[in-house]
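Open the model in a viewer and keep the selection panel at hand. The stops below go from one chain to the other and end at a single residue.

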Amino acid sequence: MLIVARKNLFSERTRLVISVGGIALSVLLITFLLALFRGWNEKIGGFVDDVDADIWIAREGTTDFIVAASILPLEGADERFGQIDSIARWSPLIAIPMGATGNGSEMDIHLIGFDPVSEMGGPVRVTEGESIPGPGEVIIDEALSRRYGMDIGDTLNAAGTDWEVVGKSSGGDFVASQAVFVTIEQAQEALLLEGLATFLLVEMHDPDRAQGYARTIEHNVPGLVGFTSEDFAAATRDRILGDVIPILTVILILAFIVGLAVSGLTIYTATVEKAREYGILKAVGFKNSYLYRAVFEQSIVTGLLGFGTGAGLTILAGSFIQDLVPQFVTLIRWQDILGVAGITLIMSVLAAYVPVRRIAAIDPVAVFKA
Amino acid sequence: MASNVALRLGNVTKIYGLGDAEVRALDGVDFEASAGEVVVIMGPSGAGKTTFLTIAGTLLKATSGTIEIAGRETTTLNAAQLADIRRENVGFIFQSFNLLESLTALENVRLVTAGGVRAPASATNRASELLKMFGLGHRMRSLPKQLSGGEKQRVAIARSLMNNPEIILADEPTGNLDYKRGQEVMQLLRQISVELGKAVVIVSHDHRVREVAHRSLWLQDGQFRDKIVTANDPVCGQLVEVETALTLTWEDEAYYFHAAGCREVFEGNPEKFARSGSG
């Protein structure tokens, strides 16, 4: 590092703190937004990803798991699926979003009725208690438990029925609502959906043929749609994040601009204040390249310090905020941290651009004026 | 002597502005300064002294003429090459010292040859030796704001010598110093010239600088003028050209003034100022 850059940078501690603080806040905001996006992305589509099915069949008009208004008759389904050799197994699933009460709180849940024999669409990872609920019993998602203080032995009222909590599982948190698992018979009875389901889950012998089979269903069975598991998960993510991404993008751009403005202004101010000294350096024989390097180094070191502070704060604050605000689901990936480091570098280089132009215009003759 | 010429200006003209606004700051100036020589250039304000110095130091392009530094013609060189010339062959001393405020005395001196944080030991040793030579061995780690004016100027002189240049160009080196510190700096410049073999060119209003000079030149209206008679303004202290200065005779002796205000002050108390002599 050039001595002029280091001395200029560290001799004005207050300015350095403001500059580093500005970039750190910008990095914090950018990293948080990315982590939030990743967290939501993981949670919202995660359940569909984790269900052991290659194809989701639903009523025509269904686009995703979260907002699904699908009702399918199960009569004859076993026979039809049994005739198709490429199908390994299938299972009905009921998933209905609804309000529930428990522990004196109102909550949004997805009541999921799954087949206890195939266990397709059941709890992803049981963390405590029973893995198959019996009559009048439910397994709730951990996120619901944390958010509303629900525990094993508590009673949850949903669909006009009181259910006893007998287990907890993870992987069923959709951020805005959480999964509550009962057997399909219990769900049909409570929801008055005898002989009906919302989805049919199909597992293929050859998962690579899932796409083709899903298309075949759409063409040959009027009123039904078929999705591969990947497509259905992507559509589910898009349902929630499709509207959020443009907002996140705008905030990301604003955060970048704020960071750029703070670092740019402080570097520019520092350069203008030291304009005479840069003139002295020019006079005694330093080339513009040396002076440009001095400014870039100041900007990049400020950026790195800001990045380190911001990234550190993100990691520290991430878990802390998540405990306070359960919806603040964050997932910090090292790839994103690297990406933000790159963004900070771009920010630093851009912040130095105007000061460098200012330096180029400095006339060393001016230093002869007392 | 000709082989020792460190700085040579040939028929140098510098014109500012165009048409009616044209000003000839330098008008066909010829100049030489040799190694081991102190040349003082004096003259009234606006005479072209600073223009001369900045052109001699390759900071300003002449309109016409040639500038030769250490035997190398510089008028055809580009900005980067001129920067190299300044860094290798020229040392600058300024009226306002122009030290970098966030650097210590040692770093200010060393900077000329070592711009990085980790300077070579040779650069640090040379900078230390120079500072010790000028009595600043105990001030190496001091920042400029912790130094007196005289100390700052000695650091600046050490800096000007760091790259071991052939030429030292000094602009009003005593301008911001009191009498005693000014005398010390002038003696130092003489010592540098004689003992280290540098060509020292000083531009100044201060008539005392002539005491250390091997040659004094009078620059007026962009030209050097020979056989000029000068006198010291007894009130304002400036060197003035007798031919064009304001005059007042008191007790059969002529006194010469830089400005009417100086003469008025003299008239108010001639005995006081006459004692200091008019030169």
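The tour takes chain A, then the interface, then chain B.

The model is predicted: local features need pLDDT of at least 70, side-chain atom pairs count only at pLDDT 80 or more, and totals for chains, interfaces and linings use all residues. Residues are numbered from 1 along each chain as its sequence is written, and chains are lettered from A and ligands numbered from 1 in the order in which they are written.

**Stop 1: the domains of chain A**

Select 3-44 + 241-368 of chain A as domain 1 and 50-237 as domain 2; domain bounds come from an automatic or database domain assignment. Taken over C-alpha atoms, the centres of domain 1 and domain 2 of chain A are 47 Å apart. Between them, 8 residues of domain 1 of chain A are in contact with 8 residues of domain 2 of chain A (contact: C-beta atoms, placed from the backbone, within 7 Å). On the domain 1 side, helix α2 (residues 13-50) of chain A gives the largest share, 4 residues. Helices (H or I, at least four residues) and strands (E, at least two) are DSSP runs, numbered from the N terminus. That side of domain 1 has 5 nonpolar, 2 polar and 1 charged residues. Here Ala, Val, Leu, Ile, Met, Phe, Trp, Tyr, Cys and Pro count as nonpolar, Asp, Glu, Lys and Arg as charged, and the others, Gly among them, as polar.

**Stop 2: α7 and α10 of chain A**

Next select residues 229-273 (α7) and 334-360 (α10) of chain A, two helices that pack at an angle of about 35 degrees with their axes 8 Å apart. Axes are lines fitted to C-alpha atoms, for helices over the stretch in contact, and angles run from 0 to 180 degrees between N-to-C directions. Show side chains for the contact: α7(A) contributes residues including A:F256, A:L260, A:I267 and A:Y268, and α10(A) residues including A:I343, A:M347, A:L350 and A:R358. The contact residues of the two helices comprise 13 nonpolar, 5 polar and 1 charged.

**Stop 3: α1 of chain A**

Move to α1 of chain A, residues 3-11, where A:I3, A:V4, A:A5, A:K7, A:N8 and A:L9 are buried. A residue is buried if 20 or more other C-beta atoms lie within 10 Å of its own, exposed if 12 or fewer, and partly exposed in between, with C-beta atoms placed from the backbone. What do the buried residues of α1(A) pack against? Their partners are α2, α7 and α9 (288-324) of chain A, together with α3 (105-110) of chain B.

**Stop 4: the side of chain B that touches chain A**

Now show both chains: 25 residues of chain B are in contact with 21 residues of chain A. On the chain B side, α1 (49-56) and α2 (79-89) are the elements that give two or more residues. The largest share, 5 residues, comes from α2(B). By class, this side has 11 nonpolar, 9 polar and 5 charged residues.

**Stop 5**

Chain B has 8 helices and 14 strands. Its C-alpha atoms fill a box of roughly 65 × 45 × 35 Å along the principal axes. Of its 279 residues, 47% are buried.

**Stop 6: B:I41**

Finish at B:I41, in strand β3 (residues 38-42) of chain B. B:I41 counts as buried because it has 24 C-beta neighbours inside 10 Å. Leaving aside neighbours within four places in sequence, the contacts of B:I41 are B:K49, B:F52, B:V201, B:I202, B:V203, B:L217 and B:L219. For a distance check, the C-alpha atoms of B:I41 and B:R215 are separated by 8.6 Å, although the two residues are 174 residues apart along the chain.

Terms used
Two residues are in contact if their C-beta atoms, placed from the backbone, lie within 7 Å.
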